[in-house]
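Please read it alongside the sequence and structure.

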Amino acid sequence: MPLNKEAYIRYKIIDACIISRHKRFPSMLDLINVCEEKLGKKFTISTIQKDIKAMKEDELLGINAPIKFSKQWNGYYYSDPEYSFHNIPLNDSDIEALKTATDMLANFAGTRVSENFNHATEKIFTSFRESFPDGNSKRKIIQTDSPPSHKGFEHFELFFRAAKDKIPVCFVHYSYRKRTFKSVIVHPVILKEFQNYWYVVGYSESHKQLRTFGLDRIYEPILLKRKFREANPSVQEKYFKYVYGVYPIPGQKRQKIIFRVYPMLGDYILSHPIHESQRIDNYGGDGALTISLKLVPSQELINFFLSFSNHLKVLKPEWIQNEIRNYHLSALKNDK
Amino acid sequence: MTNNSKAKYLYNLPEHKSVGRINPALLRIIITPAYTKIDFGYQTIRYYEKGGWVRISKDTFIRIKATGEKFTMTKSENIPVAPVRHNFKSTKDWLYFSLYFPPMPPKTKWIDIIEAEPGTPNDFNYHDIELNSKKAMELL
């Protein structure tokens with residue numbers, strides 16, 4: 001049974017009162033007063049009595065506090081002076097949950113985040129192995145998508161700090177598309193992972209708008225002693241909430257995109273929605289689905305349509321239809 | 001240049017009057033009390049099969065326009081010093097590299113970066129680079 005968070009806080013308060021050297025043998029009234037003061041609400045005698053009973057007797061909780069009442073001093077105390085509330089043993093379900101979480105954390109560590117994160121997780125694994133030697137199973141139960149570290153990932157921590165502490169950054173950027181170098185000043189807002197690639201999104205002084213930069217195209221970022229420019233919240237929302245992927249197509253607004261998918265892909269999209277705005281507009285008798293999205297079109301969305309182009313057809317808007325047709329014509333030309 | 005002798009300053013995309021010199025692109029000049037660092041980006045062109053090659057002369061120097069004082073290159077990063085060459089793999093290849101020089105005196109306003117004089121179009125020469133103190137950004 002999950003432990004109620006507020007009850008757990010009351011247990012800690014009761015424990016602190018009992019072990020307090022400032023006022024030994026706290027009375028029931030003392031306990032109620034301190035709980036009310038700390039939690040900012042009223043408590044009855046019955047609630048605190050139930051708490052004490054649970055702390056003493058509830059096997060599932062496993063606190064087993066040796067709480068006694070002294071008639072002489074009209075207050076509560078621990079019969080075992082060595083007892084500590086902080087040494088409460090974990091029950092079986094706690095341990096199982098911890099093992100699962102540790103396994104998941106192990107998957108996320110490694111090349112996915114920063115070196116500091118890896119140090120921190122290693123500390124957790126070490127103490128976990130010391131506490132639960134049997135939990136250090138060699139058999140891998142969970143496997144997440146963890147690609148090898150890619151170029152530019154060494155800048156993750158600098159951009160993380162810059163976004164967290166709001167520090168502008170200057171870096172050299174190489175555009176794969178334009179094949180040019182540019183040195184830009186960016187005020188980072190967020191680090192975003194999409195399909196195992198990391199990107200920094202921030203206000204670019206030269207572009208005068210929020211832009212996305214792939215970490216793999218960034219050289220030598222340096223932190224600047226300069227006033228941080230906050231990005232417009234509504235523009236941020238457009239970037240973070242209404243975009244599939246990382247590169248919204250310049251000049252495009254949030255719009256309705258309608259496409260028809262054939263049965264096999266339809267099942268896949270139903271179980272793995274592309275975006276939270278996804279709606280089924282029509283169920284066809286042949287199993288085909290007409291699906292709509294309401295978002296800002298991105299290059300990644302067009303790539304998604306292209307990758308499944310033998311299983312779907314874009315119905316609206318027309319410019320995306322044309323875009324896809326041009327890609328296909330270009331592919332045919334390259335194939336000759 | 002600015003007056004705080006202990007601070008590090010960045011000149012981003014400094015303006016210069018080297019007509020036609022767009023490759024390598026002069027990207028940043030960082031001036032610290034210990035060194036001057038200049039960052040460049042080179043994009044290969046179609047003229048050379050497989051993009052050609054680059055290298056930097058060990059005699060490359062910065063010249064202060066007002067005094068004529070010269071500061072010879074102390075180190076290069078990501079580009080070999082002649083006669084060693086960096087050979088590109090294609091006409092779509094690129095290279096980011098940096099050159100290091102001694103620190104510049106305070107209040108320096110105009111400099112040249114010279115690989116060879118009088119030089120050819122193939123030498124990495126940049127003239128009349130402005131170190132505009134109003135555009136300088138202090139590094140953290």
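Accessible areas here come from the Shrake-Rupley method with a 1.4 Å probe. On that basis, the accessible surface of chain A comes to about 20,500 Å², and carbon and sulfur atoms hold 52% of that surface. The model is predicted.

**Chain A overall**
- Chain A contains 10 helices and 11 strands.
- Of its 336 residues, 41% count as buried.
- Among contacts in chain A with a separation of 6 or more, 60% are between residues 24 or more positions apart.

**Helix α1 of chain A**
- Helix α1(A) covers residues 5-19, which is 15 residues.
- From the first C-alpha to the last, α1(A) reaches 21 Å, close to the 21 Å expected at 1.5 Å a residue.
- The buried residues of α1(A) are A7(A), R10(A), Y11(A), I13(A), I14(A), D15(A), C17(A) and I18(A).

**T290(A) in strand β10**
- T290(A) is part of strand β10 of chain A, which runs over residues 289-295.
- T290(A) counts as buried because its relative accessible area is 12%, and buried means under 20%.
- Leaving out residues up to four places away in sequence, T290(A) touches I258(A), F259(A), R260(A), R279(A), I280(A), D281(A), N282(A) and L315(A).

Conventions
Residues are numbered from 1 along each chain as its sequence is written. Chains are lettered from A and ligands numbered from 1 in the order in which they are written. This is a predicted model: local features need pLDDT of at least 70, side-chain atom pairs count only at pLDDT 80 or more; totals for chains, interfaces and linings use all residues. Side-chain values use heavy atoms; hydrogens and water are left out. Helices (H or I, at least four residues) and strands (E, at least two) are DSSP runs, numbered from the N terminus. The expected span of a helix is 1.5 Å times one less than its number of residues. Buried means under 20% relative accessible area, exposed over 50%, partly exposed in between (1.4 Å probe, protein chains only). Contact means heavy atoms within 4.5 Å.
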